[in-house]
Amino acid sequence: MAAVKETVEQVKDIDVDKYKYGFTTDIEMVKAPKGLNEDIVRFISEKKEEPAWMLEWRLDAFERWKTMAEPEWANLTYKKPDFQDLYYYAAPKSTEGPKSLDEVDPELLETYAKLGIPLKEQAVLAGVEGARVAIDAVFDSVSVVTTFKDELAKAGVIFCSISEAMREHPELIQKYLGTVVPKSDNFYATLNSAVFSDGSFVYIPPGVRCPMELSTYFRINEENTGQFERTLIIADKGSYVSYLEGCTAPMRDENQLHAAVVELIALDDAEIKYSTVQNWYPGDKDGKGGVFNFVTKRGDCRGKNSKISWTQVETGSAITWKYPSCILRGDNSQGEFYSIAISNGMQQVDSGTKMVHLGKNTSSRIISKGISAGKSSNTYRGLVSAHRKASQARNFTQCDSLLIGDLCSAHTVPYIEAKNSSATFEHEATTSKISDDQMFYAQARGLNEEEAVALIVNGFAREVIQQLPMEFMAETQKLIGISLEGSVG
Amino acid sequence: MLEIKNLHVEVEGQPILNGIDLTVPKGEVHAIMGPNGSGKSTLSYVIAGKDDYDITKGDILWNGESILEMDPAERVAAGVFLAFQYPIEIPGVATMTFLRTAINSVRKARDEEELSIPDMMKLIQSQAKQLAVKPEMLKRGLNVGFSGGEKKRMEILQMALLNPGMCILDETDSGLDIDALRIVSEGVNALRGPDRSMLVITHYQRLLNYIVPDKVHVMSDGKIVKTGGKELALELEESGYAEYDEDAA
């Protein structure tokens, strides 16, 4: 528990007023020139010393991407990024070869400390059984430090950067990469396939329960750097893993593009729990700046009795376009999606999930809590479908929206497709406002306006917060308060 | 000491309070009685600092200083506490969490050290026991699914925990059966002391059998129309409010 406590303490220590993660770290960067063409794709692949098959894969994706157009169906309004005006590769110089934490640029570690990331101190010094979090810290595009590798190795767990996995475990990459999110899946996923810089790779061998929560902190740092993370997690038969992803970004005047791809694969009787706390810069009060977040996250319950559970807390980004989904392929497989999406200021969120029931006796559960404040727009978009062979498919969906103030909006767009008459789909939705009576009552007990809002919203989102691993709970409750600062009065 | 001076209050242009003058000295318990619609609850909300009321004239002083410019949180930190007639439900917020947040917010505002979690738990649990608030209740969402009696006990528990100098009890007896009334009254009486004033607002004399006031004020049509000792409550029980309604009219 000590490590958890320290994490919480550190998070508390972060001076979190409005968006206080708006600092940048002055570390030398190695960059590819601006713009995107075949040479850039080759440059990235070469820089990462990738095998030829990987380069071919990227080039194929790039060819396909050139023929694709950006999707426009989402309830989002923004100026499309100029893809030729972005950098596609940036790596901190100091990362060429740190073998241990001591070799890592201290300034980098300081950045993490400011963010309250339990990297060196907690992980190494605390050394507490049971409460360990291994971190594959991603600084811009290259994985810098990986901790706890040895202990994980003992359990047979592979947790490394995806570039390393390409070199060390090519057979796993070749077998699984792009099998959940094909390289031509959608505009952003295809772009990612062509230029992805780095990300995490996890493989849990059959029958292994991963001995600790695995965690990656993302952070966009270099100006104008498109972020193209790629994560691949495979839970082999009868295994279990819980993975945490958390992000903050420094304050920037220009929009930053982020188009990640996450693929999860659960084989027979395996379970993957994937939790995200996303707190990228949302832009200023006029909507200037802010991260564009176009993410493709998909889990494949490939084996029978497998289970994939997504939990997300989305508080940041100017634009969020994100639908962590489950393909329920294996018989008796289960998918879950728990989401808190908070929008304030000028933020726009279009997020939700897809539960695609293919196997027999599959079940899914969706709990979505949308909170809109300021002048923001918050859309839940979800698809629940049952294939004609998916007999006895079951889904329960609950979408609750909470409005703060009268300039924001909440939208719910559920798509339901049942091609099988034995499917049971339930959908419940509510929309409510924080009442003046609740606010007055809390204030009459000594809470100021912001504390009152944070408390009421945390109560509203409690069902989802409870799904988060301990490490994230306290941080999340704080984040919810921070995200809604200035939303009342 | 609470002093209300010539207080005039309107809601959307409609006068509700028409010149209230009232002083509750330190350590005294005063009761305000009156018919429905006489402005009793409005008075309690205005003292606690609820929005939606226009104070067109007059002042409210707590220990000699006007509290009108203070927001509700500042007022409770200064020591003015309102126990609600209809406590509000906050779903998903565990009662214990709410109590802890409230206590530390108030302590912080009073420049007192925040309590550690173990100290906090001890404090809350011992006070809860006195009010027959079961530990199980503290785990539930605040006021969610509480019975009328449970809600009122929770109000008194919060009152005890926030240690106010001025307690305003708005119709604390409404919706209580006789046993619940006794428990709540005992809780309130336990808080009486030379440093604490109370303003007990009620429609019925019954409550005042348990919480015996030093003074009784009769309110009608937004004004205090009569003030007397505790026997005035008994008179009212006999004669009803008709007399005062006519006076006011």
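The paragraphs below lead through the confidence of this predicted model, its cysteines, its salt bridges and one of its helices.

The model as a whole scores ipTM 0.95 and pTM 0.80. For chain B, the mean pLDDT is 91, and 98% of the residues of that chain reach 70 or more.

We can turn next to the cysteines. A disulfide is a covalent bond between the sulfur atoms of two cysteines. Over all chains of this model, the count of disulfides is zero. Cys160(A) is in no disulfide, and the nearest cysteine sulfur, which belongs to Cys210(A), is 13 Å away. With a relative accessibility of 3%, Cys160(A) counts as buried. Another case is Cys301(A), whose sulfur lies 5.5 Å from the closest cysteine sulfur, that of Cys326(A).

Charged side chains give another view of the fold. A search of the whole structure finds 29 salt bridges over all chains, and a few of them can be followed one by one. In one of these, the side chains of Arg230(A) and Glu263(A) meet with a nitrogen-to-oxygen distance of 2.9 Å. This pair links distant parts of the chain, since Arg230(A) sits in strand β8 (residues 230-235) of chain A and Glu263(A) in strand β11 (residues 261-266) of chain A, 33 residues apart. Are these two partners buried or exposed? Arg230(A) has a relative accessibility of 0% and counts as buried, and Glu263(A) is likewise buried, with a relative accessible area of 0%.

A salt bridge also joins Glu245(A) to Lys297(A), where the closest N and O atoms are 2.7 Å apart. Here too the pair links distant parts of the chain, with Glu245(A) in strand β9 (residues 240-248) of chain A and Lys297(A) in strand β13 (residues 291-301) of chain A, 52 residues apart. Both Glu245(A) and Lys297(A) are buried.

A further salt bridge is formed by the side chains of Asp400(A) and Lys369(A), at 2.9 Å from N to O. Asp400(A) lies in strand β21 (residues 394-403) of chain A and Lys369(A) in strand β19 (residues 363-372) of chain A, so this pair ties together parts that are 31 residues apart in sequence. Asp400(A) is buried, with a relative accessible area of 6%, and Lys369(A), at 5% relative accessibility, counts as buried as well. Elsewhere, Asp60(A), Arg64(A) and Lys183(A) are linked in a network of salt bridges.

The last stop is helix α11 (residues 449-460) of chain A, which has 12 residues. At the start of α11(A), a side-chain oxygen of Asn448(A) comes to within 3.0 Å of the backbone nitrogen of Glu450(A). How many of the 12 residues of α11(A) are buried? Nine of them are, which leaves the helix mostly covered. Among these buried residues are Ala452(A), Leu455(A), Asn458(A) and Phe460(A).

Definitions and conventions:
Residues are numbered from 1 along each chain as its sequence is written. Chains are lettered from A and ligands numbered from 1 in the order in which they are written. This is a predicted model: local features need pLDDT of at least 70, side-chain atom pairs count only at pLDDT 80 or more; totals for chains, interfaces and linings use all residues. Side-chain values use heavy atoms; hydrogens and water are left out. A disulfide is a pair of cysteine sulfur atoms within 2.5 Å. Buried means under 20% relative accessible area, exposed over 50%, partly exposed in between (1.4 Å probe, protein chains only). A salt bridge is a side-chain nitrogen of Lys or Arg within 4 Å of a carboxyl oxygen of Asp or Glu. Helices (H or I, at least four residues) and strands (E, at least two) are DSSP runs, numbered from the N terminus. The expected span of a helix is 1.5 Å times one less than its number of residues. A polar contact is a pair of N or O atoms within 3.5 Å; within protein, one must be able to donate a hydrogen and the other to accept it, and residues adjacent in sequence count only if both atoms are side-chain atoms. pLDDT is the predictor's confidence in each residue, from 0 to 100.
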